[in-house]
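Subject: Handover of a structure and its findings

Dear colleague,

Please find below the structure that I am handing over to you.

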Amino acid sequence: MALDIKKLEALIKLEPDNPKHWFYLGVYYILQKNIGEAYKALENSIKRNPYFAQAQFLIGFLLIYNRDFKNGIKYLEKAYTIDENVFFKTKSDYEVEKVLDELIRDSIKILQDQIEVNPNNLENLYIMGRILFY
């Protein structure tokens, strides 16, 4: 799906309960570096379908990117519990793949920085391990 804001907004008006439309709006906002709006759109996606693993997965990395490690891991674990193939399904769309790759890379960088500052923090090491697992 091409990520055109006008088309996404029109789709949401036509089908406001479709979680995929909200999901793609969230992806669009991540590409625009508008993390607050991305989070809101992905949360709307999850409200419409709590079992939408891909939205859970992206929110998990968004939260880790914003240094909310505990909640980020909760979302990642929930996504993985819902669908063990969530990583591959999320990467199956080219636009989403770019966003996911960047979020993962940035999340790992943030955690690496945290681990360098405090190498004995077991929680950060655990989170890094979980990210690498997913």
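For the classes used below, Ala, Val, Leu, Ile, Met, Phe, Trp, Tyr, Cys and Pro count as nonpolar, Asp, Glu, Lys and Arg as charged, and the others, Gly among them, as polar. Please note that this is a predicted model, in which local features need pLDDT of at least 70 and side-chain atom pairs count only at pLDDT 80 or more, while totals for chains, interfaces and linings use all residues. Residues are numbered from 1 along each chain as its sequence is written, and side-chain values use heavy atoms, with hydrogens and water left out.

Overall form

The chain has eight helices and zero strands, where helices (H or I, at least four residues) and strands (E, at least two) are DSSP runs numbered from the N terminus. Its C-alpha trace spans about 50 × 30 × 20 Å along the principal axes. Of the 134 residues, 45% count as buried; buried means under 20% relative accessible area, exposed over 50%, and partly exposed in between (1.4 Å probe, protein chains only). Among contacts (heavy atoms within 4.5 Å) between residues at least 6 apart in sequence, 54% join residues at least 24 apart.

The nonpolar core

A nonpolar core is a set of buried Ala, Val, Leu, Ile, Met, Phe, Trp, Tyr and Cys residues joined through side-chain atoms within 4.5 Å. The largest one here has 44 residues, and those with the most contacts inside it are Phe 23, Ile 30, Leu 42, Leu 58, Phe 61 and Ile 131. At least two residues of this core come from each of H1 (5–14), H2 (19–31), H3 (35–48), H4 (53–65), H5 (69–82), H7 and H8 (122–133). Beyond the residues up to four places away in sequence, Ile 30 touches Ala 38, Leu 42, Leu 58, Leu 62, Val 99 and Leu 103.

The cavity

A cavity is a set of points, on a 1 Å grid over the protein atoms alone, where a 1.4 Å probe fits but cannot get out; lining residues have an atom within 4 Å of a point. Grid points are joined across faces, edges and corners, and a volume is the space filled by probe spheres set on the points. There is one cavity of 30 Å³ or more, and the largest cavity holds about 50 Å³ of space. Its lining consists of Ile 30, Lys 33, Ile 35, Tyr 65, Glu 102, Leu 103 and Asp 106. By class, these are four nonpolar, no polar and three charged residues. Helix H7 (residues 94–117) gives the largest share of the lining, three residues.

Individual residues

Thr 90 is found in helix H6 and is buried, with a relative accessible area of 1%. Not counting residues up to four places away in sequence, Thr 90 touches Gln 54, Phe 57, Val 96, Glu 97 and Leu 100. Thr 90 and Gln 54 are 36 residues apart in sequence and 5.7 Å apart in space, C-alpha to C-alpha.

Asp 83 lies in the loop between H5 and helix H6 (86–91). Asp 83 counts as buried because its relative accessibility is 14%.

Lys 20, in helix H2, is partly exposed at 46% relative accessible area.

With kind regards

Conventions. On a 1 Å grid over the protein atoms alone, a cavity is a set of points where a 1.4 Å probe fits but cannot get out, and a pocket is an open set with protein on both sides within 12 Å along at least five of seven lines; lining residues have an atom within 4 Å of a point.
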